[in-house]
Amino acid sequence: MSADRSARQIATALSRLSLFLRSAGWQAARAAGLTPTQAEILTHLARRGPARGAELAAALGVTAATLSDSAAALVAKGLAERRPDPADARATLLRPTGEGAALAGAMPEAPAVLLEALAGLPQADRAGLARGLMLTIAALQTARAIPVQRICATCRYFRPHVHSDAEAPHHCDFVDAAFGDAALRLDCGDHEAAPAERAAASLRRLRDAA
Ligand code: SF4
């Protein structure tokens with residue numbers, strides 16, 4: 001199959017999965033008494049900590065107006081609160097209340113049926129999928145088609161293919177440990193952006209070492 005045709009087939013599959021995930025996300029949000037955007041804001045805050053409105057809007061890919069309306073609804077429901085930003089007296093941070101954090105914690109990160117399907121894949125397939133998704137996300141980021149994601153490939157702690165062990169060729173300087181493609185992080189709380197040149201070099205090495 002040509003590369004173009006293969007790319008279209010994969011894009012179609014991703015589109016189907018996206019529909020499934022969106023539908024599952026709506027159901028989970030509705031069960032929690034939230035709109036999908038409110039649920040995304042709440043889980044984002046619970047997992048990543050307090051954030052300014054502009055940061056949240058950029059991270060979630062929504063407009064400032066949508067973010068503002070949804071944040072106000074969360075505050076009105078007692079699930080989030082605004083606090084002064086210690087770094088800037090003119091700014092405020094949105095953070096979950098105890099009730100909001102508990103609600104976010106009870107919401108599934110992903111549908112159980114999908115997690116089971118992925119966990120059931122052979123290790124080599126999971127590794128290839130993680131690597132392929134990371135390279136795809138990085139390319140979309142470079143094209144400014146999606147918000148910046150916290151992936152290994154653009155992290156200052158990531159050193160790809162520095163070990164001879166084919167099962168664990170990469171190194172994370174943050175935890176000082178070797179790891180393999182299956183453990184590549186696509187959303188890491190410890191991510192710190194590498195300088196652009198270094199991130200580009202990491203991506204090249206990750207792609208060319210296949
Ligand atoms: S800190 Fe996280 S994103 Fe960075 S290299 Fe380590 S695992 Fe990857």
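A: Happy to! Let's start with a hairpin: β1 and β2 form one, with 2 residues between them. Strands here are DSSP runs of E, at least two residues long, numbered from the N terminus, and two strands pair if DSSP finds at least two bridges between them. Before we go on, this is a predicted model, where local features need pLDDT of at least 70 and side-chain atom pairs count only at pLDDT 80 or more, while totals for chains, interfaces and linings use all residues. Residues are numbered from 1 along each chain as its sequence is written, and side-chain values use heavy atoms, with hydrogens and water left out.

Q: In which sense do β1 and β2 pair, and over how many bridges?

A: The pairing of β1 (residues 80–85) with β2 (residues 88–96) is antiparallel, over 6 bridges. To find your place, look for Pro84, which stands opposite Thr92 in β2.

Q: What is the strand order in the open sheet?

A: In a regular strand the side chains alternate between the two faces of the sheet. Here the open sheet has 3 strands in the order β3-β4-β5, with antiparallel pairing. β3 (158–159) and β5 (177–179) are at the edges with a single partner strand each, so one side of each has no neighbour in the sheet. β4 (residues 170–172) pairs with β5 over 3 bridges, and His171 is opposite Ala178 in β5.

Q: How much area do domain 1 and domain 2 bury between them?

A: The size of an interface is often given as the accessible area lost when the parts come together. Buried area is that loss, computed with a 1.4 Å probe and summed over both parts. Domain 1 and domain 2 bury about 340 Å², 48% of it on carbon and sulfur atoms. On the domain 1 side, Leu14, Arg48 and Ala59 lose the most area to domain 2, together 81% of what that side buries.

Q: Which residue forms a salt bridge with Asp187?

A: A salt bridge is a side-chain nitrogen of Lys or Arg within 4 Å of a carboxyl oxygen of Asp or Glu. The count between the two domains is 1. Arg48 forms a salt bridge with Asp187, with their closest N and O atoms 2.5 Å apart.

Technical notes: Buried area = accessible area lost by both parts, 1.4 Å probe. Helix = DSSP H or I, 4+ residues; strand = E, 2+ residues; numbered from the N terminus.
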